[in-house]
Amino acid sequence: MYKSKILPWFFLLPILIFVTVFLFYPFGVNIYNSLFNFTSILDQNPSFSGITNYLNLFGDSTFVTSFTNTLILIALVLIFQVGLALILALLVSVIDRFASVFKVTFFLPIVISATALGLMFNLFYDYDFGMLNQLMIQLGQEKIFWMDPVNIIRRFMLTMGPVLWQYVGFYFVIFLTALNGISSEINDAAAIDGATGIQKSLFIKIPMIQNVTRTVFVLAITGTLKVFDLPHVISPGGFPNGELHLLGTYMYEKAFNSNQLGVAAAFAVIIAFAGVLFSGISNLIFKNNEEI
Amino acid sequence: MKKIILSSLALLFVFSLAACGSGASEEVDELRTVSMFGGTDPNASVYQDIISQFEADYGVTVNDTSATSNEIWKTSVVSSFYSGTEPDVLFFFTGATAAPFVENDMVVSIEEIRQEYPDYASNISENVMDPYAVPIKGFVEGVFVNTELFTGDLESYLDKDVWSWQDFNDIADELISRDIIPFAFGAEDVPHYWIEHLVLGFNGPDAFFNIPEPGSFGGQTATADGEKWVEALSMLNELADKGWFGDTRGNQKNEIANQLFKTGQAAMILDGSWFAGGIEGTSVDPDKTIMVPFPAIPESEGGMNKYYMQSGFTSGFYITRQAWEDEAKRELAVNFISEMTKTESIVAYAELGGIPSDPSAVVDNLNGISVSMNGMPARTDTATLPLSDASAAGSFTELVKKSAAYLEGSTDEIIEALESFANLN
């Protein structure tokens, strides 16, 4: 397209400089900082601690809990969030009327602030003033303590449910765009051969968007590793007793509440490497199909 | 043509870089300020009014970036010193929170300022003055009581200045029998006051400054002092079992707990004087609200019939070293703080609740709760800084994060939390 090879570089260089200065360099500094103990953010002479911060983290039961919770959330995201997005996209891709209404409806939660959503769900769940219990009273039922910390599984699901719900629309749009890219001739040929809607979805559409699904999985995994705001608002501090911490919320606690900046830096390194590792595993399982 | 486009882009790039550089120069008629009087803080309007008047009187622009205080805000203010983008004047916490920039000589001491400006903050009581920060008002913590719910047998308690631990138990029993929650408590995010007051009530004020060594709380190396701390925190479970915190046992957010008090569903709430500012306009009448001190808990080291109060002047105005060394800024910063802390300003702040730092500040037309809060020192035996301020920075979080374990009465987790806390002190 360009006769000169300089012009593309001219436009690429600023963003490369930007990413180097604001991403690669800070990440390098972060790895370096993870080997030190800081008494405060202004500590000019932090003491070298080697890999102690990493060892302390792996020996910390709340870190293990937060890691386990994050893995469970990744599984839930892949099954329910991505799965639901795919089903909705398959359904919307075959309707002719009101498709735009569904697109907007499913996408809307993404544009709402996660903090606002968290506060909204808090108002749903609250025992004394919550919408769910107002509904129970209207139905002549006893109030339920929805967020009872003793019932930890229910509390986990009620905390993570909004996380799953909020980003369905994001993957829905990606899947829908991919589905719309499938040639209508293939669909028509399948219809002539007598394929049902479900058969077309299972044997034509889903296989043909395999490469997009692979990308969605990587986005979902890396996105889940960073989840912070909604759980932070709904179950602050991983309440109860840090049992509902995710990697993102526990790292925040270490950095901003406990003032353990070296440990928080080690935490960030672990999250970054976990992202690379899990994405690599996902790519190994779901290989790129170059024939599509 | 291509050469023209390339040359234009190159020039644009160079100019944009130059523009970044030129932005670094500061105008001397501008003062950059930061405070915690942002968002819905009741003090924000007074603070902004004084800024507007200051701008008009001195012909300068005050570039104020105040925000509601939380952990991220505190860290961002401290880290601004690291990046060299600190404000000229800041209203910030004293003690451990400010230690990073105080210890690095990044703010100017009152003593140094007074060498050049001898009358600086001379109206402020020396008893409450921090070595670096000029306070405007102090706080007291205690039990807010909605007296309108104290009818029948409970009315007699309103004639007493203080309530003993037994009184609190009797009052709670009576309130529970009337389906009124005795105490609104938000253990999910703000268990701080209960943790601190139970430790205080159980162990006495000296305990805050003699935190037991790690290993003292359980096992073979446990000490009597350490075990008292465990007992104090275990008491939350006992109180929750008695029904003091309602059906949720306090496992709810502070915002909801506040609503329970403000809608009259809960009779009492343990909080600081800043809570008073939010009572106005709710179904609770500020004139019919009082504050009573938290009592010592019998059979404890605290002793019988003793009443303690967490209070202090733990925030104030600082001048940064960077502003002080800029001669044009120096006087502006001093004038700004002088306007903010003059007697009239302190009266305006104190009208919203709190103890004025200026002894000559007389606040007229105080509502009932403000009168009651101002009378707290006379009704208590000892005042102390809160445990969160008396302990090392970041350590109190170790106690806060296990609040559910205290309510459940899990001794192992209580000991684990106390060990983590003691390790950081």
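Visitor: Among contacts in chain B with a separation of 6 or more, what percentage comes from residues 24 or more positions apart?

Guide: Happy to start there, with the reminder that this is a predicted model. Chain B has 425 residues, and 47% of them are buried. Counting contacts in chain B with a separation of 6 or more, the share from residues 24 or more positions apart is 75%.

Visitor: How many helices and strands does chain B have, and what does its C-alpha trace span?

Guide: Along its principal axes, the C-alpha trace of chain B spans about 85 × 55 × 50 Å. As for secondary structure, the count for chain B is 18 helices and 12 strands.

Visitor: Into which domains is chain B divided, and how many Å separate their centres?

Guide: Domain 1 covers 28-135 + 313-341 of chain B, and domain 2 covers 139-311 + 368-423. Taken over C-alpha atoms, the centres of these two domains of chain B are separated by 32 Å.

Visitor: How many charged residues are on the side of domain 1 of chain B that touches domain 2 of chain B?

Guide: Good one to work through. In chain B, 6 residues of domain 1 are in contact with 4 residues of domain 2. On the domain 1 side, 3 residues are nonpolar and 3 are polar. That leaves the charged class, and there the tally is no residues.

Visitor: In strand 10 of chain B, what is the bridge partner of Leu90(B)?

Guide: Let's look at the pairing around that residue. Strand 3 of chain B, residues 89-93, pairs with strand 10 of chain B in the antiparallel sense over 5 bridges. Within strand 10 of chain B, the bridge partner of Leu90(B) is Tyr318(B).

Visitor: Turning to the contact between the chains, which helix of chain B gives the largest share of the side that touches chain A?

Guide: The contact takes 31 residues from chain B and 23 residues from chain A. On the chain B side, at least two residues each are supplied by helix 3 (71-83), helix 4 (99-103), helix 9 (254-262) and helix 17 (403-408). By class, this side of chain B has 13 nonpolar, 10 polar and 8 charged residues. The largest share, 7 residues, comes from helix 3 of chain B.

Key:
Residues numbered from 1 in each chain as written. Chains lettered and ligands numbered in written order. Predicted model: local features only at pLDDT ≥ 70, side-chain atom pairs only at ≥ 80, totals over all residues. Contact = placed C-beta atoms within 7 Å. Helix = DSSP H or I, 4+ residues; strand = E, 2+ residues; numbered from the N terminus. Nonpolar A, V, L, I, M, F, W, Y, C, P; charged D, E, K, R; others polar. Pairing = 2+ DSSP bridges. Domains from an automatic or database assignment. Buried ≥ 20, exposed ≤ 12 C-beta atoms within 10 Å, placed from the backbone.
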